[in-house]
Amino acid sequence: MTSTDQPSPPPTIRREDYRPPAFLVEQVDLHIALHPTATRVRARLALRRNPAAPATPALELDGEALTLLSAALDGAPLAADRLHHLPGGGLRIDGMPDSAVLETEVEISPEANSELSGLYLSGGNYFTQCEAEGFRRITYFPDRPDVMARYTTTLEADRATCPVLLSNGNPDGAGELPDGRHWARWSDPHPKPSYLFAVVAGDLVAVRDRFTTRSGRAVALAIYVRRGDEDACGHAMDSLKRSMAWDEATYGLEYDLDVFNIAAVSDFNMGAMENKGLNVFNTKYILARPETATDADYEGIETVVAHEYFHNWTGNRVTCRDWFQLSLKEGLTVFRDQHFSADQGSAAVKRLADVRRLRSAQFPEDAGPMAHPVRPDSYVEINNFYTATVYQKGAEVVRMMRALIGEANFRRGMDLYIARHDNQAVTIEDFVRAMQDASGVDLSRFSRWYAQAGTPELRVWEAFEAGRYTLTLSQSTPPTPGQPDKQPVPIPVAMGLIGPDGAALAEPQMLLLEETEQTYVFEGLPAKPVPSLLRGFSAPVKLSGLTLEQLGFLAAHDTDAFVRWESSQQYATAAMLEMVAALRSQKPLELPEGLAAITAALLDRAMEDPAFAAEALALPSEEFIADQMAVADPEAIHAVRHFLRGALGRRFAARFAALHGDLAESGPYRIDGAAIGRRALRNAALAYLGAAGETARAEAQFAAATNMTDSLAALRVLADSDSPAREAALAAFHARWKDEPLVLDKWFMIQAMSPRTGAAAAEALSHHPDFDLRNPNRVRALVGAFAAGNPAAFHAASGEGYRFLADMVIALDAVNTQVAARMVSPLGPWKRQDAARGAMMRAALERIAARPGLSKGTYEKVSKSLA
Ligand code: ARG
Ligand code: ZN
């Protein structure tokens, strides 16, 4: 925290300044006596000087919000002249021998912890979150991932209020204590960094199952939830068992403890956390019943459960040397969870969803003031770097690497990476080196993908003469903050050539564009082909240079599902940009016939693959269109998209109505790819009908729905409409679900994202008795969804949207700095708005920046946005 009168900026941490730790910790024995306001933590650290670091006489330990009660070295209390409190809250101990046992006792208050980092209370139960730097809020420690230690944890609490006592590793004893208290010990045989430490304690109930690994280890599985939620854990448990089997089959990686515990918590800063043997999850990614969770929620659970489970090897057994290497575990683990989910159902549709997400979250980040490489060079607050770039672009980079070296080599590279680095804290270079050594492919140039920020732009030129087709590809990457000049990166371009009749004219192949510009020649073609480029989205780049005619052709004829989808999206994007221009010069809007033809063709084939059709029928988002414009025009973009949805809904009303009728659920509710796809297409039809002003079907569906997917889809149509049924539906939904927090989040989110909710209405919702600044899910559902998912209202010309967000950030920064800093992002790209809006966005950022005592995380986001 900076002081109020003379704020000095918080320090920047740089990758090049990395130094190995002066001391290593061999063993940690913790004793934690839980109490809501006065938890006592006794820590016994067996320390040893690190032979790989220059000798220093002093030991420095991180610490934050700790009250030190006692400290002893090798059994003797530490004299005051050897023990110094450091400015940030840490400790320095002078005159350290080469090895020593340090014993400290501290007091902490879980109840006062609204940051949700370290040990905190949620609904009366105890949870921890230590990644990235929360362990220092539990005890004094060298809180950095390259210090790996073995841990035992003894927990002590009231038996009545805290029957469940969990930590990492295997259970190692339990017993009774006087005064109604009890204890339990956990022992983790695997060395781990402190960020993987966890405690969960309280009145929770377990849903249990078993898994036997392929080498015969029996693993007891348990998901701990609040009483009453036991019936909502089935999908998470099933996802866990499938993940465990998949990692064995795909990578030969087995689980390595006798127990695997998951605990679900309602107050959580992120999605979930891979603590060794004790994953902690946001309830959003565990609890699901058909009546309360949507299909998207079910898919999210499968993905996040897999993600955290896969971290056991990519993250836990092999961890990061420092936080600049975060993508070493996150990019790789997202790649693994995407691959897993693709294997569970339709790989093509999964790919579209992943690409859509990358483009809506990561591309704007790469083009904005917070742009950073997958492996950043510096940070002020590491929690600001758990980003779409580190996660999603990081996964794309791993995916490209696999495409370059081939699947078999990639598997050998994984084996080599794990064999070499098990129980080590390593770097991205170590990962790339394993892939290079296993494949024999030189990846030195490829490593630029980790170092260079910004989205490369790929352009296409063609020539055709006498059977000879020449394809020229060029690349450039726009400058990003701190990186004015960019080098070319190796871009794998999966491609094919298609003849006028739709048949392939050449074998599909992978071009590798390594230079700024390269030309590829194809001989002996009977006719000028249409190039199908970037099949499967083989690289995270922006492609341009194809004509509308070519895009329309590819949308209809390509064999690659991704290119078909992409071409229809690009076609729609081009059409919408033209309409925005038309609107700005006061021309009347008309439905472009080419887009109507693409839609008709999609509808003709919709039943072949309903999930694909639902994805392809969705118009590009307003955010995506804005991202294509030098200066956005949120009102015009919204008006165009609104007009088009209505026009398409009216043009194809009969076909949408037929689809909605034909796809009505018969038989029991099922969660599988086919059933999800049918519901997605049916609800896409419902939404188009709603856009055309036909809300009777939505009303009927809302009244009759027995699952949340259909209920919410209908509510969204009503909430976006001017139907008189709107208010009644919202009220009925609230009345029915007011005691289900995850469903209440949806009630806030639907309204926050509705174009009919202006900034004033969003602000009013922040005063609703059910709104709670201390609950991150609720904040994301209202504030996050409004600012990032309702561009027309957020960018209202009055500036109210910006003022509302700034007010929320300021209020949040006093409660939960991590969540506050995340909420700043939508104010960042002010240079992409017109002068008037840009000035108001800046003013909002400046108002936040001027707050005394602003957290370093929010400060970093705001100051980088203003730069
Ligand atoms: N490692 C977690 C995951 O990706 C994310 C935890 C990040 N937490 C934080 N406070 N930065 O699964
Ligand atoms: Zn992760």
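Which residue in S9 is the bridge partner of Thr-67? I looked this up first, and Glu-107 is the partner.

**Entry 1: ground rules**

I am working with a predicted model, where local features need pLDDT of at least 70, side-chain atom pairs count only at pLDDT 80 or more, and totals for chains, interfaces and linings use all residues. Residues are numbered from 1 along each chain as its sequence is written, chains are lettered from A and ligands numbered from 1 in the order in which they are written, and side-chain values use heavy atoms, with hydrogens and water left out.

**Entry 2: around strand S9**

Of the 10 residues in S9, 7 are buried (buried is under 20% relative accessible area, exposed over 50%, partly exposed in between, with a 1.4 Å probe and protein chains only). On pairing (DSSP must find at least two bridges between two strands), I found strand S3 (residues 39-49) antiparallel to S9 with 10 bridges. Arg-48 has Ser-99 as its bridge partner in S9. Strand S5 (residues 67-73) also pairs with S9 in the antiparallel sense, over 6 bridges. A reminder to myself: side chains in a regular strand alternate between the two faces of the sheet.

Then I checked Asp-74, which sits in the loop between S5 and strand S6 (76-77). Its phi is positive, near 45°, and Asp-74 is not a glycine. With a relative accessible area of 49%, Asp-74 is partly exposed.

**Entry 3: a four-stranded sheet**

Next I traced an open sheet of 4 strands, ordered S10-S11-S16-S13 with antiparallel pairing. Strand S10 (118-122) and strand S13 (164-167) are the edge strands, each pairing on one side only. The twist from one strand to the next averages 15° (axes are lines fitted to C-alpha atoms, for helices over the stretch in contact, and angles run from 0 to 180 degrees between N-to-C directions). S13 is joined to strand S16 (residues 199-202) by 4 antiparallel bridges, and Val-164 stands opposite Gly-202 in S16.

I also noted a cis peptide bond from Glu-131 to Ala-132, with omega near 0°. Ala-132 belongs to the loop between strand S11 (125-129) and strand S12 (148-158).

**Entry 4: a five-stranded sheet**

This open sheet has 5 strands in the order S17-S18-S19-S21-S20, and its pairing is mixed. Strand S17 (205-212) and strand S20 (272-273) are at the edges with a single partner strand each, so one side of each has no neighbour in the sheet. S20 pairs with strand S21 (residues 278-282) in the antiparallel sense over 2 bridges, and Ala-272 has Phe-281 as its bridge partner in S21. Helix H1 (residues 234-251) lies across S17, strand S18 (218-225) and strand S19 (259-265), at about 25° to S17.

Is Lys-276 buried or exposed? I found Lys-276 buried, at a relative accessible area of 2%, in the loop between S20 and S21. Its side chain makes a polar contact of 2.9 Å with the side chain of Asn-312 (a pair of N or O atoms within 3.5 Å; within protein, one must be able to donate a hydrogen and the other to accept it, and residues adjacent in sequence count only if both atoms are side-chain atoms). Beyond four places in sequence, Lys-276 is in contact with several residues, including Asp-188, His-190 and Asp-256 (contact means heavy atoms within 4.5 Å).

**Entry 5: the zinc site**

Which residues coordinate the zinc ion (ligand 2)? I listed His-307 (NE2), His-311 (NE2) and Glu-330 (OE), at 1.9 to 2.7 Å (donors are N, O and S atoms within 2.8 Å of the metal, or 3.2 Å for Na, K and Ca; water is not among the atoms, so sites may look incomplete). The donor residues follow the spacing H-x3-H-x18-E. His-311 is in the loop between helix H2 (295-310) and strand S22 (318-320), and Glu-330 is in helix H3 (residues 326-344), so the pair ties together parts 19 residues apart in sequence. Both His-311 and Glu-330 are buried.

Helix H2 also holds Asp-297, which is buried at 12% relative accessibility.
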